[in-house]
Amino acid sequence: MGAATVAIPEVVLESSNGQRRIPVIGLGTAPEASSKVSTKDAVVEAIKQGYRHFDAASAYGVEQSVGEAIQEALQLGLISSRDQLFITTKIWVTDNHPHLILPALQKSLKTLQLDYLDLYLIHWPISAKPGKVTYPIEQSELVPFDMEGVWKSMEECQRLGLTKAIGVSNFSIKKLQKLLSFATIPPAVNQVEVNLAFQQHKLREFCKSKGITVTAFSPLRKGSSRGTNMVMDNDVLKELADAHAKTVAQICLRWIYEQGLTVVAKSYDKERMKQNLEIFDWCLTDEDYKKISEIHQDRLIKGPTKPLLHDLWDEEDEHQ
C-alpha cells in the first residue's frame with residue numbers, strides 16, 4: 001500500500017455533535033503557484049503518508065481536486081471509508097449572507113463529491129457583494145456583515161447534518177465575544193495565523209477558556225510572505241533545529257503541537273510532508289522556550305482587502 005502511515009493524535013471539538021475529533025495536523029490546500037505537484041496528487045500522497053485532515057476553501061478553487069483525491073484514495077483502498085477523513089472548507093465573503101450560506105455549502109459539497117463536511121468555517125468576518133471571487137477584495141465591494149444572521153444559517157447547516165461542526169477563521173477576541181453572545185451552537189474552531197513570529201498568546205488563552213479549538217495557519221510563515229521569512233530564516237530557530245537534529249519546520253510544528261493547538265501545514269513536497277508528521281516523539285526544552293519567547297512578533301496576514309481595513313483585528317495586535 002506504499003508508504004507507512006503515521007498515527008496522528010486527535011483532539012475533541014467541544015461544541016460538535018457526537019464529540020467530533022480533529023487530527024492535530026492537517027494538510028492545507030491553498031493553491032501553490034510554484035508547485036509542480038497537483039492538489040489532487042498531493043492529497044492522495046498525503047493520505048498514503050497518514051494525513052487524515054484536509055483544509056480547503058471555496059475561494060481556493062481546489063474543492064474539485066480534493067474531492068477527486070478522496071475518490072481515488074477510496075478506489076485504491078488507502079482508506080476504507082470517507083468517514084476516516086476530516087474535511088474542512090470555508091465560505092467566501094461573497095457568500096457571507098444569511099440566505100447564501102446553505103446554497104454555498106451545498107455547492108461545496110457537490111464540488112467535493114461529499115455528503116457532509118466535518119467542519120465548515122466562515123473564512124473572514126466581513127461580507128462582500130455576492131458574485132465573483134476576487135483577491136484582494138476592493139473595499140468598495142464590502143457590505144455590512146450580518147454576523148448573527150450568518151451564524152444562524154451556519155447552525156442550520158449543522159442541524160441538517162451537512163456539516164458535523166461549524167467555526168470561524170480570522171476572528172479577533174472582540175468578534176468572538178460578539179458571536180458567543182447569541183450563538184446557540186458555539187464555534188468549534190477559530191482558524192487563525194499562529195507561528196513563532198506571531199504567537200497569539202492572548203487570543204489562544206481566550207479561545208481555550210471558551211472551549212474553542214485553535215487551528216494555526218501559516219505555521220511556517222509561508223503564503224503571502226514578502227521578503228525575509230521571520231520563521232524559516234530565523235537564526236535562533238536554525239540553532240534549535242541543529243541542537244535537536246530537526247528541521248526549522250519541525251521545531252515550529254512541534255511548538256504549535258505542545259501549545260495544544262491543531263495546525264494546517266501547506267506542502268505538496270513528498271519529503272517535507274513526511275517531515276511535518278515527524279514531530280510526535282520528541283520535546284522542546286525550557287531553554288528552547290526561553291529563546292522562542294524572545295522572537296520578534298508581527299502579523300504576516302494583515303487582511304484580504306485593498307486597502308486594508310483598519311478595524312479588522314480590533315487593534316488587538318499590540319496586546320500580544
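**View 1. Contacts of Glu-32 in the predicted model.** Residues up to four places away in sequence being set aside, Glu-32 touches Lys-266 and Tyr-268. The C-alpha atoms of Glu-32 and Tyr-268 lie 8.3 Å apart in space, although 236 residues separate the pair in sequence. Glu-32 belongs to the loop that runs between E3 and H1.

**View 2. Strand E3 and its pairing with E13 and E4.** Strand E3, residues 25-28, pairs with strand E13, residues 262-265, in the parallel sense, and three bridges are found between them. Within E13, Val-263 is the bridge partner of Ile-25. E3 also pairs in the parallel sense with strand E4, residues 53-55, over two bridges. Here Gly-28 has Asp-55 of E4 as its bridge partner. From E3 the chain passes through helix H1, residues 39-49, to reach E4, forming a right-handed β-α-β crossover.

**View 3. The surroundings of Ser-172.** Ser-172 is situated in the loop between strand E10 (166-169) and helix H5 (173-182). Ser-172 has a relative accessible area of 3% and is therefore buried, the limit for this class being under 20%. Apart from neighbours within four places in sequence, the residues in contact with Ser-172 are Leu-203, Trp-313, Asp-314 and Glu-316. With Asp-314, the side chain of Ser-172 makes a side-chain to side-chain polar contact of 2.4 Å.

Notes:
Residues numbered from 1 in each chain as written. Predicted model: local features only at pLDDT ≥ 70, side-chain atom pairs only at ≥ 80, totals over all residues. Heavy atoms only, no water. Helix = DSSP H or I, 4+ residues; strand = E, 2+ residues; numbered from the N terminus. Buried < 20%, exposed > 50% of the residue type's maximum accessible area, 1.4 Å probe, protein only. Polar contact = N/O pair within 3.5 Å; in protein donor to acceptor, adjacent residues only side chain to side chain. Contact = heavy atoms within 4.5 Å. Pairing = 2+ DSSP bridges. Right-handed = clockwise from strand over helix to strand, strands pointing away.
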